[in-house]
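Please keep the sequence and the coordinates at hand while reading.

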Amino acid sequence: MCYFWGESGAYTKIKSKPKVLDFDILKRLVEELTDTESKPFYSLFGGEPLTYPHLEDLVLAIKDTKAFIDTPTNGILLAEYAKMLVRSGFDQIRVSLDGSQEINDYQRGKGSYEKALNGINELHYEKQKAKVDTPRIGILFTITKSNFQNIEDFFLNNPDLDLDSLYSVTFQMQNFITEEMGKQFENFLNTEFGIFSEKKWKGLVRYTEEFKSIEVTAISSQVNKVFDKFRKQNIKTLFLPPTYSPENLSAYLKADWQNMIDQYESCPVPWVGCEITASGKVAPCHVFHDFTLGNLKESSFMEVWNGDKYTKFRRYMKKNKFMPLCNIGCCILYIAGRQISQ
């Protein structure tokens, strides 16, 4: 399922070996950003972030600057790191869970459900023992054709899940693009920046026929019931896309993005965030690592961030609003737009 590491994911197709980002690069990055006027928001991503060999050193370096640190995780190693995450003041953990044990293990591997739930419970226990509120615990629920009927049962009729342990839940539709958008993106990279695409975008290509079995009315009905319960229990809820009406979800799954209720005029990400890849490259988009604008092995972060390539990219985005493969269904666009509005 994962567009990076799933059976059809970008890195699985390319057969590239997993890379580990040099901790010295990250340490310099944190030190450099400490001297800036705005306090950074760090989100660790992967692969699986809890497998990073220098995890505790990185967390402590970031928390020493009093910056916010967050990570999504599959939860398999969460119990093992629960004490460290509480002790270090880690701010937010978002655990990927996609339904009941049968469904989650089907999508994420045998044993993943039990380990993730144990991790959540252990982290909640360590927080209570230390009498602290962090890390805030969230669940990331990705809706697929395998689990769309299981939303209500998982959250409202599940003896394994302690809702009192949760700070937030994110419901997200699968992020995807069309083949045509990917080819337009390749042309954009080549003509505008002289970059030859590694075709990592292919990990996100889906065909609308794949989603025909998904009943949008069932999703909307269940999510609304869950949302009502969460509102009463003060659990924060994020929807990607923001509107979970049958009409809006239908347009999303048909790639009919121009007719969705949720619309944005432009993408703020080039001015407020970026991705540091495991190779040290600086990518202006969280999803598409074909497109990079510098490397922290060769330059400082600020040299890249304020360099000619980034300046050229921001001019392009200011004029054109989006890249050719940016669709209104982009989950990062929704998150960025929400954070900017807050």
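The text below describes the sheet, then the helices packed on the sheet or on each other, then the backbone and the cysteines. The model is a predicted one.

## The sheet

Six strands form an open sheet in the order S1-S2-S3-S4-S5-S6, and the pairing is parallel. At the edges stand S1 (41–43) and S6 (236–240); each has a single partner strand, so one side of each is left without a neighbour in the sheet. From one strand to the next the twist averages 20°.

S2 covers residues 68–73 and runs parallel to S3, with four bridges between them. Within this pairing, Thr-73 is opposite Val-95 of S3. S3 in turn is joined to S4 by five bridges, again in the parallel sense. Six bridges connect S4 with S5, also parallel. Ile-139 has Val-169 as its bridge partner in S5.

How much of S4 is buried? Seven of the eight residues of S4 are buried, which leaves this strand mostly covered.

## Arg-94 in strand S3

Arg-94 belongs to S3, which spans residues 92–96. Its bridge partner in S4 is Gly-138. Which residues does Arg-94 contact, leaving aside its neighbours within four places in sequence? They are Ser-43, Asp-70, Thr-71, Pro-72, Thr-73, Gly-138 and Leu-140.

Ser-250 takes part in the contact of H10 with H9.

## Helices

Helix H9 (residues 216–232) lies across S4 (136–143), S5 (168–173) and S6, and runs at about 165° to S5. H9 also packs against H10, at an angle of about 130° and with 9 Å between the axes. That angle makes H9 oblique to H10. The crossing of the two helices is right-handed. On the H9 side the contact is made by Val-216, Thr-217, Ile-219 and Ser-220, and on the H10 side by Pro-246, Leu-249, Ser-250 and Leu-253.

Another helix, H5, covers residues 101–108, and its buried residues include Ile-103, Asn-104, Asp-105 and Gln-107. What lies over these buried residues includes S3 and helix H6 (112–130). Just after H5 comes Gly-109, with a positive phi of about 110°.

## Backbone geometry

| Feature | Value |
|---|---|
| Cis peptide bond, Gly-46 to Gly-47 | omega about 5° |
| Cis peptide bond, Leu-240 to Pro-241 | omega near 5° |
| Positive phi, Asn-234 | phi about 60° |
| Positive phi, Ala-255 | phi near 60° |

Where in the chain do these residues lie? Gly-47 is in the loop between S1 and helix H3 (55–63). Pro-241 is in the loop between S6 and helix H10 (246–253). Asn-234 is placed in the loop between H9 and S6. Asn-234 counts as exposed, because its relative accessibility is 59% and the cut-off for exposed is over 50%. Ala-255 lies in the loop between H10 and helix H11 (269–272).

## Cysteines

How many disulfides does the model contain? The count is zero. For Cys-267 the reason is distance: the closest cysteine sulfur, in Cys-326, is 6.1 Å from its own sulfur, which is too far for a bond; the cut-off is within 2.5 Å.

Is Cys-267 buried or exposed? Cys-267 is buried, since its relative accessible area is 13%. Cys-285 also counts as buried, at 12% relative accessibility.

Terms used. Residues are numbered from 1 along each chain as its sequence is written. This is a predicted model: local features need pLDDT of at least 70, side-chain atom pairs count only at pLDDT 80 or more; totals for chains, interfaces and linings use all residues. Side-chain values use heavy atoms; hydrogens and water are left out. Contact means heavy atoms within 4.5 Å. Two strands pair if DSSP finds at least two bridges between them. Axes are lines fitted to C-alpha atoms, for helices over the stretch in contact, and angles run from 0 to 180 degrees between N-to-C directions. Buried means under 20% relative accessible area, exposed over 50%, partly exposed in between (1.4 Å probe, protein chains only). Angles under 35 degrees count as roughly parallel, over 145 as roughly antiparallel, 65 to 115 as roughly perpendicular and the rest as oblique. A crossing is left-handed if the near helix is turned anticlockwise from the far one by less than a right angle, and right-handed if clockwise.
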